[in-house]
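Hello,

Here is the structure I promised to pass on. Have a look at it first, and my notes follow below.

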Amino acid sequence: MGFPDNFLWGGATAANQIEGAYLEEGKGLSTADMMTAGSPTLKRAITSVIESDRYYPTHEAIDHYHRFEEDIALFAEMGFKCYRFSIAWSRIFPQGDETEPNAKGLAFYDRLIDLCLENDIEPLVTISHFENPMGLQKYGSWENRKVVDFYLRYAETLFEHFKGRVRYWLTFNEINVMSTMPWNAGGIASSDEAVKMTAAYHQFIASALAVKAGHEIDLDNKIGTMYAGHFSYPNSCDPDDIQGNEDFMHKMLFYPDVQCRGYYPNYKLKELERQHITLPVLPADAEILKAGVVDFVSFSYYMTHVCGKNTTGILRGLNGLETGYKNPHIERSAWGWGIDPKGLRYALNYLYDRYQLPVMVVENGLGAADTVVDGKIHDDYRIDYLRQHISEMRKAIDLDGVPVMGYTSWGPIDLISASTGEMSKRYGFIYVDVDDEGNGTKQRIKKDSFAWYKQVIATNGEDL
Ligand code: BGP
């Protein structure tokens, strides 16, 4: 009993949140490079000005691009079995639409991946994580079907180039974020529903084509969906609350439904009909979606929501990530995210029941402000959070029989927050000396949670 022997313990990051070096070695500008910093109360903005007096977090981030050797060594010291990271599309195809890849961009990831493999760390690559080459803006980004071809060329380049070295892939990070943060998800600046649904449709087609190509290039490739786990409880047992909650869940769940089943669910087709939205369907698309179903389901899990009959709008509140009613049974993080470890067991069961595919938790963690006292960071609150979540995940395996493949906690090293652009919202086992303005030595310091997680992995989750 307990975690399987080959369980993939590790951590997860995204290129635009850690690498920096935003224009080095031929990299083109990405949509993430055009976002200002924000704060818990101030939303990040999209800008067309590349240099300004506001700090642009992706430009330097934590300088992982130049310090990856030190960072991977620290992950290896913790005993990571798996490292989930993303490849910056604009390092490989700087404008997005070139026919030949940028060799220097591939070379950086060669070094990173080879180092992981030397340390027996299985790479799990997110092909697109909240960044698109700015060069694709002239096409209208994902609103234009042409971008499917550019994405496919990019994905095939990765499958070919890293063949035999990378076996686990995710086509899009949190694909359902197209509904809530379309700029992050697809370089879409509009909040118009028809535009977002068109862009999402194109991403489904692109994902399906990539899954098919990935399997053709290497039968060993396992390619997954990555769902922003927006799980929600009904506000009461009033049947209208149950329906209201279901309506919210559907707005999110249709994304993994399409990727796992290979077709749009009826409830979504009916909703689109009511909204007078026509999807840009081409004759062969039904076949494409069917032939490109994913091999596994991965998701991020930070919080749960409460919805019901009077929930208006799907997401609102702090950073746009709090939904509906307050849940009096759970506590909240300093950023207002509802902390619900038991919900993780529920979520794992929910996804496995729905798709009957292996499941992986590819993000989970506590964003908190840490203080350095005498060169040490005593983050018992983080240990507490992770311990509770991991123990609920174990129940899903032991008591419910859910085939959980692995667990990569979010931000094993402090990095830039995606929603706020802050550095002070920290998730790491490793502290990085950088503040919200980008000042600091960038020195890496192990927090108390570092030794704790190392022990968790060493005992395969026995010693929590
Ligand atoms: C997910 C994203 C990540 C990450 C995480 C934590 O939505 O996939 O990129 O940032 O959330 O969120 P935040 O950084 O806003 O605290």
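**What turned up**

Strand 5 and strand 7 (residues 296-300) pair in parallel through five bridges, where pairing takes at least two DSSP bridges between two strands. Before going on: this is a predicted model, in which local features need pLDDT of at least 70 and side-chain atom pairs count only at pLDDT 80 or more, while totals for chains, interfaces and linings use all residues. Residues are numbered from 1 along each chain as its sequence is written.

Within that pairing, Tyr-227 sits opposite Phe-299 of strand 7. Strand 5 is also joined to strand 4 (residues 168-170), again in parallel, by three bridges, and here Leu-170 faces Gly-224. Strands (E, at least two residues) and helices (H or I, at least four) are DSSP runs, numbered from the N terminus.

Strand 5 (residues 222-228) is largely enclosed by the rest of the structure, because six of its seven residues are buried. Buried means that 20 or more other C-beta atoms, placed from the backbone, lie within 10 Å of the residue's own.

Now to helix 12 (residues 341-355). Its 15 residues reach 22 Å from first C-alpha to last, close to the 21 Å expected at 1.5 Å a residue; the expected span is 1.5 Å times one less than the number of residues. Among its buried residues are Pro-341, Leu-344 and Arg-345. Gln-356 follows the helix, with a positive phi near 55°.

Best wishes

Conventions:
Buried ≥ 20, exposed ≤ 12 C-beta atoms within 10 Å, placed from the backbone.
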